[in-house]
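This report is meant for a reader who is meeting the structure for the first time.

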Amino acid sequence: MTERQEELLNEEVVNEETTVEEPSIFTEENTEEKTDNVNSSEEELQKLRAEVDEKENKYLRLHADFENYKRRALLDQQSLMTYRAQSLVTDLLPVLDNFERALQVEATDEQTASLKQGMEMVYRLLVEAVKKEGVEEIPALGEQFDPNVHQAVMQESEDSKPSNEVLQEFQKGYKLKDRVIRPSMVKVNE
């Protein structure tokens, strides 16, 4: 080899050594940029998770509200079916009272007795019809006064009877299944 060739070869080796560059992925700028990207991705992931949690909570609350609505609607429907006859029965109570008053009149002749017998039959049919719907008379006479089913309109002192006993019933009370439609109007012992 000639000297010139050796010189050229040395120059190439020196050029190769000095021109070696670091790969671009290891530069500080790229590392910071990638760290920023990772941080922003983590922040975005946390935001998305928070949003998903919020939507899930919203869904669960909405589902619970809907289940409560269905339960309330079912209870309302059952109550409506149970007490469907309440307004009709409430309107019929004065009719029952008037029938009872009319039946207390004494029949003096055959024609009046025949009329009274017909009224008794109609009264029995009416009582049976309201009983089929679940209407019951509230027992009062001789019972202990109960403010839930009795309405005291008078008080009297009678030593032979216990305190708070119902002495007289002025107007019958009625219940529809377990609901008081009209309380009994009574006189109570002091």
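Of the 190 residues in the protein chain, 17% are buried; the model described here is a predicted one. The chain holds 4 helices and 6 strands, and when these are read along the sequence they follow the pattern α-α-α-α-β-β-β-β-β-β. Among the contacts between residues at least 6 apart in sequence, 60% join residues that are at least 24 apart.

**The helix pair**

Two packed helices are described by the angle between their axes and the distance between the axes. For helix H3, residues 86-103, and helix H4, residues 110-132, the angle is about 150° and the axes are 10 Å apart. That angle makes H3 roughly antiparallel to H4, and H3 passes H4 in a left-handed crossing. On the H3 side, the residues that meet H4 are Leu-92, Val-95, Leu-96, Phe-99, Glu-100, Ala-102 and Leu-103. Their counterparts in H4 are Lys-116, Met-119, Glu-120, Val-122, Tyr-123, Leu-126, Val-127 and Val-130.

Strands of a sheet pair through backbone hydrogen bonds, either parallel or antiparallel.

Opposite Tyr-174 stands Arg-182 in S5, while Leu-176 has Arg-179 in S5 as its bridge partner.

Another open sheet, also of 3 strands, has the order S2-S6-S3, and its pairing is mixed. Its edge strands are S2 (150-156) and S3 (166-171), each of which pairs on one side only. Neighbouring strands of this sheet are turned by 30° against each other on average, with direction ignored. Gln-171 stands opposite Met-185 in S6.

| Strand pair | Residues | Sense | Bridges |
|---|---|---|---|
| S4 and S5 | 173-176 and 179-182 | antiparallel | 3 bridges |
| S3 and S6 | S6: 184-189 | antiparallel | 4 bridges |

Is Glu-169 buried, partly exposed or exposed? Glu-169, which is found in strand S3, has a relative accessible area of 27% and is therefore partly exposed, since buried means under 20% and exposed means over 50%. Leaving aside its neighbours within four places in sequence, Glu-169 is in contact with Ile-138, Ala-140, Leu-141, Ser-184, Met-185 and Val-186. Met-185, one of these contacts, is also the residue in S6 that stands opposite Gln-171. Glu-169 and Pro-139 are separated by 30 residues in sequence, and their C-alpha atoms are 9.4 Å apart in space.

Note on methods: Residues are numbered from 1 along each chain as its sequence is written. This is a predicted model: local features need pLDDT of at least 70, side-chain atom pairs count only at pLDDT 80 or more; totals for chains, interfaces and linings use all residues. Side-chain values use heavy atoms; hydrogens and water are left out. Axes are lines fitted to C-alpha atoms, for helices over the stretch in contact, and angles run from 0 to 180 degrees between N-to-C directions. Helices (H or I, at least four residues) and strands (E, at least two) are DSSP runs, numbered from the N terminus. Angles under 35 degrees count as roughly parallel, over 145 as roughly antiparallel, 65 to 115 as roughly perpendicular and the rest as oblique. A crossing is left-handed if the near helix is turned anticlockwise from the far one by less than a right angle, and right-handed if clockwise. Contact means heavy atoms within 4.5 Å. Two strands pair if DSSP finds at least two bridges between them. Buried means under 20% relative accessible area, exposed over 50%, partly exposed in between (1.4 Å probe, protein chains only).
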